[in-house]
Amino acid sequence: MQKACVCHGRDKEQEKFMVESTEFYLGSTLNRIEIALDDVLGGEPSSNWALLDFPAHANVGDNAIWLGTNKLLRSHFGRRPRFVSRTLIYPTRLREFMPDGTIFLLGGGNFGDVWEWYSSHRANTLRLFRDYKIVQLPQSIHFSDESGEAVRETQAAIAEHPDFTLMVRDTASLEFARRNFDCTSVLCPDLAYALGPLAAKRKPSVPILALTRDDRERKVDLFGQQKQGSILQVNDWAHEERSQLQIELAPKIAESTPYSSALLMRLVDNAFWNWSRCNLQRGIELLGSGEIVVTDRLHGHILCSMMGKRHVVMDNSYGKLFGYLDTWQGKKLALRASTSCEALSIAEALLQE
């Protein structure tokens, strides 16, 4: 027999504690980010910077990283990026728009061989721009074979670049980087946190929302045997049919115009920003629809933390989420579960508090 759909409220003292805990956690996390960025860029003389690998897809997490990164670097350098470009597309006019400066590669969870095409694209970028300082922003690293071809290709590209810094977002990735790559490696939290506190516009409409992966990082058939109903709603946020005209047209105009100007790149930067902002808001509203959230997406956890929302975390296929939690002690709002049954039991218990 299914339970009735009742969204349990929290008293004012509990709400106050959640808000204060969230603000403290975000403040300390942002401080760690700024310290790490200063370590990487402290003596950088140029204010010119480029941000590559804009995520032209519906994955809310990647878009949150783009927004947080852009906001953080604008504040650090006191200006917009000189150049931005989409992921997996060669930045043909970067040198025209930015003859010198620092190239930043967007952070995330694609440093390895799970999403193998990103590894080759990153290696090509390092080879083509050896005369620029390049910073790989915080990534989770996972190679299924530490001595495989993908690792060797990455090792060679890094070794040949004279000024490359690799930022990682968990201690396991840091250990892997120091063991395998000839470059400076820096530990830093995920840059989506630079966005600060977030809030949904609507109140929860279902007691438990399960935000679960539907791709190769999925650990098991989460909630495949669970009966959905008034108590549980299962969703993912990486699939949405939406026109990409906005983020395709602006770069094409910039590519085809025979001169380079800050105005042209501002057009592209604005298009990317607005696209990501819409995706982020969609994700916030989805998470906000549940009184309690269960997720195996890292940015399901991160955005819930930024929203002050109680949630249960399950791991992905290679330990990315628990590795991140172990590194940054994300225990204020998140509880862990090994299976979907355990996660649902924990979420139901939280509803009764």
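This is a predicted model: local features need pLDDT of at least 70, side-chain atom pairs count only at pLDDT 80 or more; totals for chains, interfaces and linings use all residues.
Residues are numbered from 1 along each chain as its sequence is written. Local features need pLDDT of at least 70, side-chain atom pairs count only at pLDDT 80 or more, while totals for chains, interfaces and linings use all residues, and side-chain values use heavy atoms, with hydrogens and water left out.

**The sheet.** Select the 5 strands in the order β9-β8-β10-β11-β12. They form an open sheet with parallel pairing. Strands are DSSP runs of E, at least two residues, and helices are runs of H or I, at least four, numbered from the N terminus. Two strands pair if DSSP finds at least two bridges between them.

Now pick β9 (232-235) and β12 (334-336). Each stands at an edge with a single partner strand, so one side of each lacks a neighbour in the sheet. From one strand to the next, the twist averages 25°. Angles run from 0 to 180 degrees between N-to-C directions, with axes fitted to C-alpha atoms, for helices over the stretch in contact.

**One pair.** Go to β11 (residues 311-313). There, 3 bridges join β11 to β12. Val312 has Leu335 as its bridge partner in β12.

**Packed helices.** Select α9 (residues 298-307), which touches β8, β10, β11 and β12 (contact: heavy atoms within 4.5 Å). Its direction makes about 155° with that of β11. Next take α11 (residues 340-351). Helix α11 touches β8, β9, β10, β11 and β12, at about 160° to β10.

**Last stop.** Select α10 (residues 320-328). Here 8 of the 9 residues are buried, so α10 is largely enclosed by the rest of the structure. Buried means under 20% relative accessible area, exposed over 50%, partly exposed in between (1.4 Å probe, protein chains only). Phe322 and Trp328 are among the buried residues. Just after α10, Gln329 takes a positive phi of about 55°.
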